[in-house]
Amino acid sequence: IMVTKYYYAFAPVERFDVVVFKFPLNQAKNFIKRVVGLPDETLKLWRGNLYVRKKGETQFTIARRTLRTQDSLWIDPARDASGYLADPEDFGRHWTRGDVPTEFQVGGGELATREAGGRRDIAFSFTPEITDGDGQAVNDLRLALEIELTSPEGQAFVEIMNEHGRFALVLDTKGASRLHRYAPGSGENAQPMKLVDFKDFQFAPYRRYRVDLSVFDGMAYARVDGEVKAKETFIETRETLLPPSTDVRRTVRLGARGATFKARNLSVGRDIYYRAEGRHRFKEDQEIVVHPDSYVMMGDNVANSHDSRAWIKRTYSFKDGRPPVVCEAEEVKDSARERLKIKLN
C-alpha cells in the first residue's frame, strides 16, 4: 500500500476519506479506515446510513457520499455470477422474467428480447433477496447496464425498489425520458409521486447507451453515458424520516414497454450497511459525540471490521505500583488477566 503523508499538510481531513493511521490503543498497528465523523459534531447510525448534527445545529442531516466515492463502494450481491449474461443458467439463477409472452435469449454476454404474439413488453426482476451478507436487508442499491432498443420506438426502464419507494429510470423514444419516484409498496399501475425530466436528451433506437440508476444516502441518481440526467432527494434529516415499511422487498428490475432490446455489461450493486448493534458499542439511533481534534473511523468491510464502533479502552493497574497499562479490550485474553493478577479499572 502506497500512502501519501503530505496531502493533509495542505488540506483538511474530510468525511469519507480513506486514511491510514496508528491505532490509538496500540501504536504498533497501522489501521486503514474511512473517516465518517469529524471534530465537534454528533453522529447517529440509522438503518445503515449515517446522520450528522454539526455544532450549533438542531437536526441530524444525512451524510451523503459523492457519486465518485459511492461508485467505488458498490458490492455485487451475487459474486458467483459471471456478469449474469454469460449463459442462460447463470442468468436464470439470478433473474426472473415477468408473466408476459415476450421471448428472450441469453448468451455470450448479451440479453436479447424478441417480439412474441405481437407483444414486446418484458421485465426481469433480480431474484435473490439483497442483504448485507448477514441477513440485513439493504436499501441502497444500484443497477447499471448497456442497453440498445432494437425496434423503432418504445421505452426501456430500470427500477430500484426499497422501503422508501420505487425509483425508475425510464428512456422513451418519444422524448419523455424521466426519473420516476413512486410511493413505498406501490404497484405496477400506480401513479408516480414525482417526475423529473431528463435535460438535453433524446433516446434513439439502434444505439447503445450506458444507463445507471443509483439510490443511496437519500438520493436517486439517473445517469446516461456517465452524465447525471436527473436526481431526486427523498431523505434530508433523521427527524423527518418516515417509519420504515417492513413488508417491502428490496430488489431491482429492468425491461421494456412496446420495444425489444439488447443488454450487455449488466451489474447490480448494494451499499455497505453501517450496523449499530451486536458486537458494536454503538446503538441504533444513539447520539455519538465527537470531541475536538477527534475523528470517528469505520471500515468498509463492516461485518468484521475492527473499527471505532467496537473499540473499548481498558486500563490495568498493577498492585506493585508500576505504571498502568492502557490497551484495547480485544487485545487482552482473560487467561492473561488471571496470570498477571491485575485489577481491571
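Reader: Which residue stands opposite Arg 264 in β19?
Author: This is a predicted model, in which local features need pLDDT of at least 70 and side-chain atom pairs count only at pLDDT 80 or more, while totals for chains, interfaces and linings use all residues. Residues are numbered from 1 along each chain as its sequence is written, and side-chain values use heavy atoms, with hydrogens and water left out. Strands are DSSP runs of E with at least two residues, numbered from the N terminus, just as helices are runs of H or I with at least four. Strand β10 (residues 141-149) pairs with β19 in the antiparallel sense over eight bridges, where pairing asks for at least two DSSP bridges between the strands, and the residue opposite Arg 264 is Glu 146.

Reader: Which residue of β19 does Leu 111 stand opposite?
Author: β19 also pairs with strand β8 (residues 110-114), again in the antiparallel sense, and three bridges join these two strands. Across this pairing, Leu 111 stands opposite Ala 263.

Reader: How many of the ten residues of strand β19 are buried?
Author: A residue counts as buried at under 20% relative accessible area, as exposed at over 50% and as partly exposed in between, with a 1.4 Å probe and protein chains only. Of the 345 residues in the chain, 48% are buried. Strand β19 (residues 261-270) is largely enclosed by the rest of the structure, because its count of buried residues, out of ten, is seven.

Reader: Which residue in β9 is the bridge partner of Arg 97?
Author: β6 and β9 (residues 122-126) run antiparallel and are joined by three bridges. Within β9, the bridge partner of Arg 97 is Phe 124.

Reader: Which strand gives the most to the lining of the largest pocket?
Author: A pocket is an open set of points on a 1 Å grid over the protein atoms alone, with protein on both sides within 12 Å along at least five of seven lines, and its lining residues have an atom within 4 Å of a point. The largest pocket holds about 450 Å³ of space, and among its 18 lining residues Arg 281, Ser 294, Tyr 295, Ser 308 and Trp 311 lie nearest its centre. At least two lining residues come from each of β1 (18-23), β20 (288-290) and β21 (296-298). With three residues, the strand that gives the most is β20.

Reader: Which strand supplies the largest share of the lining of the second largest pocket?
Author: The volume of this second largest pocket is about 340 Å³, a volume being the space filled by probe spheres set on grid points joined across faces, edges and corners. It is lined by 13 residues, and Val 3, Thr 4, Tyr 8, Val 19 and Val 20 are the closest to its centre. The largest share of the lining, four residues, comes from β1.

How values were computed. 1 Å grid on protein atoms, 1.4 Å probe; cavity = no way out; pocket = protein on both sides within 12 Å on 5 of 7 lines; lining within 4 Å.
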